[in-house]
Amino acid sequence: MGYEEWKAYMLCVFSNICLAGFNIVSKVSLNKGMSRYVLVVYGYAFGTLATAILVLLFERNHKGKMSKAVLRDNFFLGLLGAVFGRTLYYAGMEYTSAAFASAMGNLIPSFTFVLALLFRMEKLEIGKVSSQAKIWGTVGALGGATLMTIYKGVVVISPHTHTSYHQPSKAFLDWEWIKGSLCLLTSMLSFSAFYLLQTATLRKYPAPLTITGFMCFSGTLLAAIMTLILDHNLSSWRLSWDISLIAPIYSVS
């Protein structure tokens, strides 16, 4: 395995470490009363600014042509990533927990694999070990997500009571938990479609930073429109020197 392949794997590991912190910071900010819609807008706005700087530094001399097809793809990337993916992710996290949302993120590779097969972006060869591993991994991920959705165990640590650990663990349906799970499932499906569209867009315009910048800008505009429609409280837009400022900045990572 060469350096470039090791580099790709290490970047994936690093991004997952950042994602763990992102879940915790986002959950704390939502618990503090920050609007999930405003959090999406500010997160993508900061992402647009950060990416614009990187584009000026590293892709300023890129000579590729920004076609109408690429601009259209960036619109849908913003729609899938910000409006559907990130907003529903925050909604699901509010109804469940940061740990649960993080665990449900393991569905993204499975959903991406299934969608890639449906859109003929990947071939399935049953005889190969790699294809068999993908199939069993998909089945295992879906089974785990189903189990986590319908099962809720004993509360180990609770700020409200000291007797929770005496109660036996039991499986039951909790509407808030189910609703959060459905939001997260839809979010993961949206992110999977986002990754496939992003791959196709980069083939048309091989400038990843520029594509990311346009995607963030599109996501900012679409999320802002969504927020103006769904959240009429002007005070929701106010940022303070606390977690409400840290959360959108951290989400840029």
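**Close-up views of a predicted model**

Of the 253 residues in the protein chain, buried residues make up 40%. Keep in mind that this is a predicted model.

**View 1. The protein chain as a whole, with nine helices and two strands.** Reading from the N terminus on, the elements go α-α-α-α-α-α-β-β-α-α-α. As for contacts with a separation of 6 or more, 83% of them in the protein chain come from residues 24 or more positions apart.

**View 2. Helix H3 crossing helix H8.** Here we look at H3 (residues 68-95) and H8 (residues 208-230), whose axes come within 7 Å and cross at roughly 55 degrees. The two helices are therefore oblique to each other, and their crossing is right-handed. On the H3 side, the contact takes in Val-70, Leu-71, Asn-74, Phe-75, Leu-77, Gly-78, Leu-79, Ala-82, Val-83 and Thr-87. Their partners in H8 are Ile-211, Phe-214, Met-215, Ser-218, Gly-219, Leu-222, Ala-223 and Met-226. Sort the residues of this contact by type and you get 13 nonpolar, five polar and no charged.

**View 3. Phe-75 with Phe-76, an edge-to-face pair.** The structure holds seven aromatic pairs, and this view picks out the one made by Phe-75 and Phe-76. Their ring centres sit 5.2 Å apart with the planes at 80 degrees, and since over 60 degrees counts as edge-to-face, that is the label the pair gets. Phe-75 is partly exposed, at a relative accessible area of 38%. Phe-76 has 36% relative accessibility, so Phe-76 counts as partly exposed too.

**View 4. Phe-100 with Trp-177, a tilted pair.** Centre to centre, the rings of this aromatic pair are 4.9 Å apart, with 55 degrees between the planes. The pair links distant parts of the chain: Phe-100 belongs to helix H4 (residues 98-104) and Trp-177 to helix H7 (residues 175-204), 77 residues apart. Is Phe-100 buried or exposed? Its relative accessibility is 4%, so Phe-100 counts as buried. Trp-177 is buried as well, with a relative accessible area of 13%, and the cut-off behind that label is under 20%.

**View 5. An aromatic cluster.** Which residues form it? Phe-22, Tyr-89 and Tyr-90 come together as one aromatic cluster.

Key: Residues numbered from 1 in each chain as written. Predicted model: local features only at pLDDT ≥ 70, side-chain atom pairs only at ≥ 80, totals over all residues. Heavy atoms only, no water. Axes fitted to C-alpha atoms, helices over the stretch in contact; angles between N-to-C directions. Helix = DSSP H or I, 4+ residues; strand = E, 2+ residues; numbered from the N terminus. Parallel < 35°, antiparallel > 145°, perpendicular 65-115°, else oblique. Left-handed = near helix turned anticlockwise from the far one by under 90°. Contact = heavy atoms within 4.5 Å. Nonpolar A, V, L, I, M, F, W, Y, C, P; charged D, E, K, R; others polar. Phe/Tyr/Trp six-rings, centres within 6.5 Å; stacked < 30°, edge-to-face > 60°. Buried < 20%, exposed > 50% of the residue type's maximum accessible area, 1.4 Å probe, protein only.
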